[in-house]
Amino acid sequence: METEILRIKCPHCGAELAVGKRPDMVMQMVTCPQCNSRSPYTSYQLLGTIVDDKIAATLAPYAQSVSPKAVLAQPKEAPVTQVNTPVQPPVDSNRTENLASRRRLADLGRGGAVSSQHHSGGSNGGGGGNNAKIFIMAMGGVVVVALIAILIVLFLRGSGKKQVVDPTPEPVVVVEETVPSTPATSPSRVTEEEVQAAAPSQGPIRLNGHEGIDLGIGVKWATCNVGASKASDVGEYYAWGDVNTKKDYTESTSKTYQRNIPEISGDITRDPATVKWGQGWRLPTKAEIKALCQKCKWTWTAQGGRRGYLVTGPSGESIFLPAGGYRFSATIFDSGVTGGYWAGSPSPSDNRFSYYMDFNDKEHSWYLSERYIGRNIRAVTDK
């Protein structure tokens, strides 16, 4: 039974991988095995379709199963099947040398016969005429032998086993992207060194009517999402860099998609946390969501009937992050199954993507996401 495999290219690191084709393929998120970036299937470049079991088997180490993470728009272009052109193998040098040796031996044998005929002709008194005839006959024989040798070489060369281009891509070395340095006028940022040397908790704080908790990782994290009234509420969904909610979350409605936008954490025009909660509150940076993932203890649980993670910091204080899923177009997906929270840091190499924190009941980490997807926001403050 033939297996239909789609060859795709990661938009972040350029690695080539393969996924099994499914009827709902455009509704999936795919995790790249090279750079671990999770992105919508439609953001990958489609390289071709393979329906050969043997070739599909060579791609097996790169195959990734897809999970229902998003409903996405149809690809703008129809898939194009890429066919690898067979490459002729190089000429076998040993085989060529053997043919040349046989040809020389044949020539020597032919030369011996000519010599014998020459002496025979001389003994019979044939004279120069017979010698000329014998010479012409000998040269004709050499030509025939040469033609035969050439035909043998061409036959052996054409009958050689053809090579097939191995479609397996070479491994790609991926260097983690770094967030560009922020201007001196921007709000203060937490470095990795400051996170490691963070002081114990000084208790909860209130700023502009909203409470923050000191987890001991350098900044204070809000106790609920922007747009929520308590920890277990999901709150509102925002596209990256948009300060207002909307009915339709797509590329065409995004204000930052494919635009060169710098860090927006604390930006009074693009940070929803700052706009909705006032100055002092802001989106966390990539370094700050990374610290939350690496420096805290994550426990999958439920509060107020909502599943999510209880995140406990080195200070002993905790916050609850509800699994609110995400919004694409006008629909909310994976609510209660996954959680996605924006950071203020853009991808330094691709204006379509920005960093966010993603989790389910088995893992939690930071990834790049297309900016038009609607995600929740958990604000931080330096106060």
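# Cut-offs applied: cysteines, salt bridges, cores

The count of disulfides comes to 0 in this structure. The model is predicted.

Me: What makes cysteine 10 and cysteine 32 buried or exposed?
Reply: Cysteine 10 has 3% relative accessibility. Cysteine 32 has 1%. Buried means under 20%. So cysteine 10 counts as buried, and so does cysteine 32.

Me: What makes arginine 282 and aspartate 382 a salt bridge?
Reply: Their side chains meet at 2.9 Å, N to O. The rule asks for a Lys or Arg side-chain nitrogen within 4 Å of an Asp or Glu carboxyl oxygen. The pair therefore qualifies. It links distant parts of the chain, 100 residues apart. Arginine 282 lies in strand β9 (residues 281–282), and aspartate 382 in the segment after β18 (380–381).

Me: How do you know whether arginine 282 and aspartate 382 are buried or partly exposed?
Reply: Arginine 282 has a relative accessible area of 2%. The limit for buried is under 20%, so arginine 282 is buried. Aspartate 382 stands at 33%. Partly exposed runs between that limit and the 50% mark, so aspartate 382 counts as partly exposed.

Me: Which residues are linked with Arg282 in a network of salt bridges?
Reply: Glu288 and Asp382 are linked with Arg282. Glu288 is one of the buried residues of α6.

Me: Why is aspartate 361 with lysine 362 called a salt bridge?
Reply: The closest N and O atoms are 3.6 Å apart. The cut-off is 4 Å, so the pair passes. Aspartate 361 is partly exposed at 41%. Lysine 362 is at 71% relative accessibility; exposed means over 50%, so lysine 362 counts as exposed.

Me: What is the N to O distance for aspartate 350 and arginine 352?
Reply: The side chains meet in a salt bridge at 2.8 Å. Aspartate 350 is buried, with a relative accessible area of 14%. By the same rule, the count comes to 6 salt bridges.

Me: Which residues does leucine 292 touch?
Reply: Leucine 292 touches Leu215, Ile217, Trp221, Trp298, Val311, Leu321 and Met357. Residues up to four places away in sequence are not counted.

Me: How many residues does the largest nonpolar core have?
Reply: The largest nonpolar core has 24 residues. Leu292, Trp221 and Met357 are among those with the most contacts inside it. Elements that give two or more residues to this core include α6, β11 (306–312) and β16 (353–359). β16 gives the most, with 4 residues. A second, separate core has 18 residues, including Trp277 and Trp342.

Me: Which residues make the nonpolar surface patch of about 270 Å²?
Reply: Val143, Leu147 and Ile150 make this patch. Valine 143 is found in helix α3 (residues 127–158). Patch residues need over 30% relative accessible area. Valine 143 has 47%, so valine 143 clears that cut-off and counts as partly exposed.

Technical notes
Residues are numbered from 1 along each chain as its sequence is written. This is a predicted model: local features need pLDDT of at least 70, side-chain atom pairs count only at pLDDT 80 or more; totals for chains, interfaces and linings use all residues. Side-chain values use heavy atoms; hydrogens and water are left out. Buried means under 20% relative accessible area, exposed over 50%, partly exposed in between (1.4 Å probe, protein chains only). A disulfide is a pair of cysteine sulfur atoms within 2.5 Å. Patches are made of residues with over 30% relative accessible area and no salt bridge: like charges are joined within 9 Å, nonpolar side chains (Val, Leu, Ile, Met, Phe, Trp, Tyr) within 5 Å. Accessible areas come from the Shrake-Rupley method with a 1.4 Å probe; for residues, only the protein chains shown count as cover. A nonpolar core is a set of buried Ala, Val, Leu, Ile, Met, Phe, Trp, Tyr and Cys residues joined through side-chain atoms within 4.5 Å. Contact means heavy atoms within 4.5 Å.
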